Amino acid sequence: SMRQGKVVVGTRGAEIYEVDWCAGEHLKIVDGHFNARGELWGLAVRPTKLEFATGGDDNTLRVWNARAQQPIGMPVNVGGKVRALAYSPDGFQLAAANFDGLVQVFNADDITVKIGEVHVAKDWVQAMEFSPDGRMLAVASHDTRIYLIDSRTFSTNNVLKGHHSAVIGVDFSADSTVMRSVSQDEELLFWDTETGRQITSASSVRDTKWATCRCVLGWGVQGIWPPFSDKSDVNSC
């Protein structure tokens with residue numbers, strides 16, 4: 001679109017440029033993920049600022065100003081499809097999980113600075129969550145396992161085994177001692193985060209206060225399921 005010597009151009013890369021035809025200058029006024037390369041999966045809100053992060057199949061990680069609805073800085077190419085994101089409770093770390101099971105942790109103030117990384121699985125990661133005390137990062141993979149990573153050393157403390165299908169959601173308790181998880185085959189399991197063992201008695205954790213509500217199964221999320229729906233109708237919450 002052209003008007004008064006200026007041209008506005010929209011691209012397949014989800015960008016809009018304003019070009020000053022006379023001065024030969026241009027300004028990018030909208031930026032986004034490149035949709036021709038796949039889908040947008042990763043989304044996390046920074047707990048300490050009005051910012052959120054996104055990651056997609058275009059291999060890029062981006063941070064946005066939620067009030068201005070504009071990107072902050074330049075996108076970072078993380079070398080693979082981003083399928084899950086998570087901020088630490090203090091807002092200093094931003095974790096990104098790739099399609100190949102690689103978890104990379106970045107400085108949330110400057111995502112061009114990588115703090116650490118760990119390759120946890122051969123299959124892709126759909127869900128991640130930091131514990132409320134900030135000590136652990138739970139990484140849920142399509143290989144049916146959950147990996148508990150130390151947020152300081154980026155080493156794997158425990159591997160939680162018990163699901164029979166891809167794990168799609170995890171929640172920590174408010175005191176970080178218990179975790180729950182849900183898989184594609186509608187299993188809802190509970191875990192002791194210190195030992196990594198499964199808690200087989202659901203009634204023993206029925207009064208647990210949960211820090212988040214990412215799991216699509218449970219008493220607290222019954223209302224998200226419309227009548228006659230099946231397990232594939234809700235992807236995340």
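Modeller: Strand 19 runs antiparallel to strand 20 (residues 188–192), and five bridges join the two. A strand here is a DSSP run of E with at least two residues, numbered from the N terminus, and two strands pair if DSSP finds at least two bridges between them. The model is predicted, so local features need pLDDT of at least 70 and side-chain atom pairs count only at pLDDT 80 or more, while totals for chains, interfaces and linings use all residues. Residues are numbered from 1 along each chain as its sequence is written, and side-chain values use heavy atoms, with hydrogens and water left out.

Five residues lie between strand 18 and strand 19 in their hairpin, where Ser176 takes a positive phi near 70°.

Strand 19 covers residues 178–183, and six of its six residues are buried, so the rest of the structure largely encloses it. Buried means under 20% relative accessible area (1.4 Å probe, protein chains only). In a regular strand the side chains alternate between the two faces of the sheet. Val178, Arg180 and Val182 are buried on one side of strand 19, and Met179, Ser181 and Ser183 are buried on the other.

Now to strand 10. Four strands form an open, antiparallel sheet in the order 10-11-12-13. Strand 10 (82–87) and strand 13 (110–119) are at its edges with a single partner strand each, so one side of each has no neighbour in the sheet. Ignoring direction, neighbouring strands of this sheet are turned by 25° against each other on average, the axes being lines fitted to C-alpha atoms.

Five bridges join strand 10 to strand 11 (residues 93–98) in the antiparallel sense, and Val82 has Asn98 of strand 11 as its bridge partner. Arg83, also in strand 10, counts as buried at 8% relative accessibility. Its contacts (heavy atoms within 4.5 Å) include Trp41, Asp57, Phe99 and Trp124, leaving aside residues up to four places away in sequence. The side chains of Arg83 and Asp57 are joined by a polar contact of 2.9 Å. That term covers N or O atoms within 3.5 Å; within protein, one must be able to donate a hydrogen and the other to accept it, and residues adjacent in sequence count only if both atoms are side-chain atoms.

Terms used: Axes fitted to C-alpha atoms, helices over the stretch in contact; angles between N-to-C directions. Buried < 20%, exposed > 50% of the residue type's maximum accessible area, 1.4 Å probe, protein only.
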